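Here is a short tour of a few loop residues. Have the sequence and the model open while you read.

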Amino acid sequence: MSAVAWEAGKPLSVEEIEVAPPQKNEVRVKIHFTSLCHTDVYFWEAKGQNPLFPRILGHEAEGVVESVGEGVIDVQPGDHVLPIFTGECKECPHCLSEASNMCDLLRINTERGGMLHDGHTRFSKDGKPIYHFLGTSTFSEYTVVHVGQVAKINPEAPLDKVCVLSCGMSTGFGATVNVAKPKKGGSVAIFGLGAVGLAAAEGARVCEASRIIGIDLNPNRFEEAKKFGCTEFVNPKDHNKPVQEVIAEMTGGGVDCSIECTGSTQAMVSAFECVHDGWGVAVLVGVPSRDDSFKTHPIHFLNERTLRGTFFGNYKPRSDIPGVVEKYMKKELELDKFITHSVPLLDINKAFEYMLRGEGLRCMIRMDA
């Protein structure tokens, strides 16, 4: 069974489809649990990009390898894996560099609807093709993925928890622990308290930051954010001055680190300008609109503030994500609190309704129910 998006913005249809065997460097995975991310909703609505339908969405999931294609040696049937929207070929300059996770071969591609090997899709219905999404298409009981886009994980890890590590959780958590790197006792500002922002806050908590300031226009998010380590909150609408000035006053000159998780260019400027001169680091995580740009005065750089960007929390999917799973297994990282709803695949449209209403963080979709 698969949930097919036949048209933009129309409810997904759960039905039987054909899933072809894996070809060269591909694996076929039986998905057990998947969750809904804002990116799925964005491309389902077909806003701001070239629409491609029919399509099987989904990219946060956990499954078990069912079969492998020619040339696959890193995983075998029975292995537990996380399909991931970006990949690691382990051969290109980016993969060979310790400083980058932006694989030349398998970097995220939102417009590709077929597999790299031959450009064809592995999904069909009555002989007609159904397109892939981000190379993962996890809203399907079975999916075919390039071997470079699956991270082999500990088989003891709970299937219904670790799937959130294949996108949003790792993106926010890694932005803090891998890029901002706050010191014990330091101060961190988190812009945007959705799932990715709360994952960034969780990273600050794990790093033992003493002040974790959550910034959001929706005060209803503040109480939930306390579970993720936030110690205080700012709603920019409550002040008649720029929020970066408010934060600077609260912290005696600015925070040590900030992580921007909204995609708003105004928030990006505020996140950069609210860090302390001399050592402050601001990290951009949120994805802006295609034509967006922002302006800040060069003096902020000359005063030794640092502005950085990150992609997938700077994690290499195959090399690093298994280690993040181990952090969860050792109770160094909490995941359960990110999962606020659960539905069977037949009710997948309820997950879209929850997200569109802004209810909860992640809705787990059970493939066997």
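## Loop residues at a glance

T86 is buried, with a relative accessible area of 0%. Keep in mind that this is a predicted model. T86 sits in the loop between β6 (80-83) and α2. Which residues does T86 contact, leaving aside its neighbours within four places in sequence? The list runs L106, R107, I108, Q149, F311, F312 and P317.

Next comes T121, from the loop that links α2 (93-96) and β7 (123-125). Is T121 buried or exposed? T121 counts as buried because its relative accessible area is 19% and the cut-off for buried is under 20%.

The T121 side chain has a couple of polar partners in the backbone. One is the backbone nitrogen of F123, which the side chain of T121 reaches at 3.1 Å. Another is the backbone oxygen of I130, which lies 2.5 Å from a polar atom of that T121 side chain. I130 turns up again among the residues that T121 touches once those up to four places away in sequence are set aside.

Now for some backbone geometry.

| Residue | Phi | Relative accessibility |
|---|---|---|
| N25 | near 60° | 25%, partly exposed |
| N314 | near 60° | 24%, partly exposed |

For N25, phi is positive even though the residue is not a glycine. You'll find N25 in the loop between β3 (18-19) and β4 (26-35). N25 counts as partly exposed because its relative accessibility is 25%, and that class spans the range between under 20% and over 50%.

N314 is another non-glycine residue with a positive phi. Where is N314? Look in the loop between β16 (306-309) and α10 (317-329). N314, with a relative accessible area of 24%, is partly exposed.

One peptide bond also deserves a look. The bond from F53 to P54 is cis, and its omega is near -5°. P54 belongs to the loop between α1 (38-45) and β5 (60-68).

Definitions and conventions:
Residues are numbered from 1 along each chain as its sequence is written. This is a predicted model: local features need pLDDT of at least 70, side-chain atom pairs count only at pLDDT 80 or more; totals for chains, interfaces and linings use all residues. Side-chain values use heavy atoms; hydrogens and water are left out. Helices (H or I, at least four residues) and strands (E, at least two) are DSSP runs, numbered from the N terminus. Buried means under 20% relative accessible area, exposed over 50%, partly exposed in between (1.4 Å probe, protein chains only). A polar contact is a pair of N or O atoms within 3.5 Å; within protein, one must be able to donate a hydrogen and the other to accept it, and residues adjacent in sequence count only if both atoms are side-chain atoms. Contact means heavy atoms within 4.5 Å.
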